[in-house]
Amino acid sequence: MLRGGYGVSMLFALGFVLATPTESQAQASFQGLGPMVAATGVSANGSVIVGEGFEGGVSGLFIWTAGTGSINAPRPAGFHTTLVSGVSADGNFVSGTLITGFLPNQRNEGFRWSRARGYERIGVGSSPFPSSQASAISGDGSALVGGVSADASGRRLPIRWSETTGIVELSPLP
């Protein structure tokens with residue numbers, strides 16, 4: 001039991017938030033996040049939930065707060081799917097991967113999103129096989145980690161991204 005507030009658990013397939021009451025409250029409650037959503041991240045205090053909403057069979061970024069409900073963030077032109085991987089501790093930044101095309105010609109590109117700036121695409125690295133993904137975001141939203149394509153075999157190299165450095169390819173493990 002958490003003291004002094006709510007604990008948040010997500011039922012990914014159903015897109016619900018379970019608020020666990022404090023000792024002074026009677027029972028837990030569910031609140032729907034909207035139709036056909038998969039929650040993939042929650043801010044440190046539980047006030048912002050992010051994930052993928054589905055419109056016309058294609059996924060897109062959604063941001064939910066108690067005050068606004070679910071808000072969909074339109075994808076940049078040319079990308080048909082958004083995979084969401086995380087949210088910063090304060091809920092101001094979201095990380096994920098934009099997808100265009102279909103295999104074998106699919107192109108992925110990692111992103112950081114904020115209300116103030118919209119989508120910031122991180123680039124695809126130095127490989128002749130352009131593809132990147134953002135797998136996680138730092139607590140303050142300033143750094144992303146993920147991977148880039150290393151070669152045609154699908155081998156990936158780990159990366160770190162920040163606004164200052166751009167993509168920095170990290171040495172793979174031996």
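This is a short chat about a predicted model of one protein.

Reader: Which cut-offs apply to this predicted model, and where does numbering start?
Author: Residues are numbered from 1 along each chain as its sequence is written. The model is predicted, so local features need pLDDT of at least 70, side-chain atom pairs count only at pLDDT 80 or more, totals for chains, interfaces and linings use all residues, and side-chain values use heavy atoms, with hydrogens and water left out.

Reader: What pLDDT does the protein average?
Author: The average is 79, and 76% of the residues score at least 70. pLDDT is the predictor's confidence in each residue, from 0 to 100.

Reader: Where is confidence lowest, and where highest?
Author: Lowest in strand S1 (residues 7-11), with a mean of 33. Highest in S12, at 95. Over residues 1-18 the pLDDT is below 50. Beyond near neighbours in sequence, that stretch still has 53 contacts in the model. Contact means heavy atoms within 4.5 Å.

Reader: How many helices and strands?
Author: 0 helices and 15 strands. Both are DSSP runs, numbered from the N terminus: helices are H or I with at least four residues, strands are E with at least two.

Reader: What share of the residues is buried?
Author: 43% of the 174 residues. Buried means under 20% relative accessible area, exposed over 50%, partly exposed in between (1.4 Å probe, protein chains only).

Reader: Core next. How many residues are in the largest nonpolar core?
Author: It has 13 residues. Those with the most contacts inside it are Val50, Leu61, Ile63, Ala73, Val94, Trp113 and Tyr119. Strands S6 (58-65), S8 (81-87), S9 (94-100) and S10 (107-114) each supply at least two residues of this core. A nonpolar core is a set of buried Ala, Val, Leu, Ile, Met, Phe, Trp, Tyr and Cys residues joined through side-chain atoms within 4.5 Å.

Reader: What does isoleucine 63 touch?
Author: Not counting residues up to four places away in sequence, Ile63 touches Val48, Ile49, Val50, Gly69, Ser70, Ile71, Ala73, Trp113 and Arg115.

Reader: Sheets now. What is the strand order in the one with S8?
Author: S8-S9-S10-S11, an open sheet of 4 strands with antiparallel pairing. S8 and S11 (118-121) are the edge strands, each pairing on one side only. Two strands pair if DSSP finds at least two bridges between them.

Reader: How many bridges join S8 to S9?
Author: 6, and the two strands run antiparallel. Threonine 81 stands opposite isoleucine 99 in S9. Their hairpin has 6 residues between the strands, and glycine 91 takes a positive phi near 80° there.

Reader: And S9 with S10?
Author: They pair in the antiparallel sense over 7 bridges. Glycine 96 has phenylalanine 111 in S10 as its bridge partner. Glycine 101, in the turn of this hairpin, has a positive phi of about 75°.

Reader: Why is S9 largely enclosed?
Author: 6 of its 7 residues are buried, so the rest of the structure largely encloses S9.

Reader: What about S10 and S11?
Author: Antiparallel again, over 4 bridges. Arginine 112 stands opposite glutamate 120 in S11.

Reader: Over to the sheet with S12. In what order do its strands run?
Author: S12-S13-S14-S15, an open sheet of 4 strands with antiparallel pairing. S12 (132-137) and S15 (166-169) stand at the edges with a single partner strand each, so one side of each has no neighbour in the sheet.

Reader: Which residues pair up between S12 and S13?
Author: 5 bridges join S12 to S13 (residues 143-149). Alanine 134 has glycine 146 as its partner, and isoleucine 137 has leucine 144. In their hairpin, glycine 141 takes a positive phi near 80°.

Reader: How many bridges between S13 and S14?
Author: 7, in the antiparallel sense, with S14 covering residues 156-162. Valine 145 has arginine 160 in S14 as its bridge partner. Glycine 154, in the hairpin of S13 and S14, takes a positive phi near 95°.
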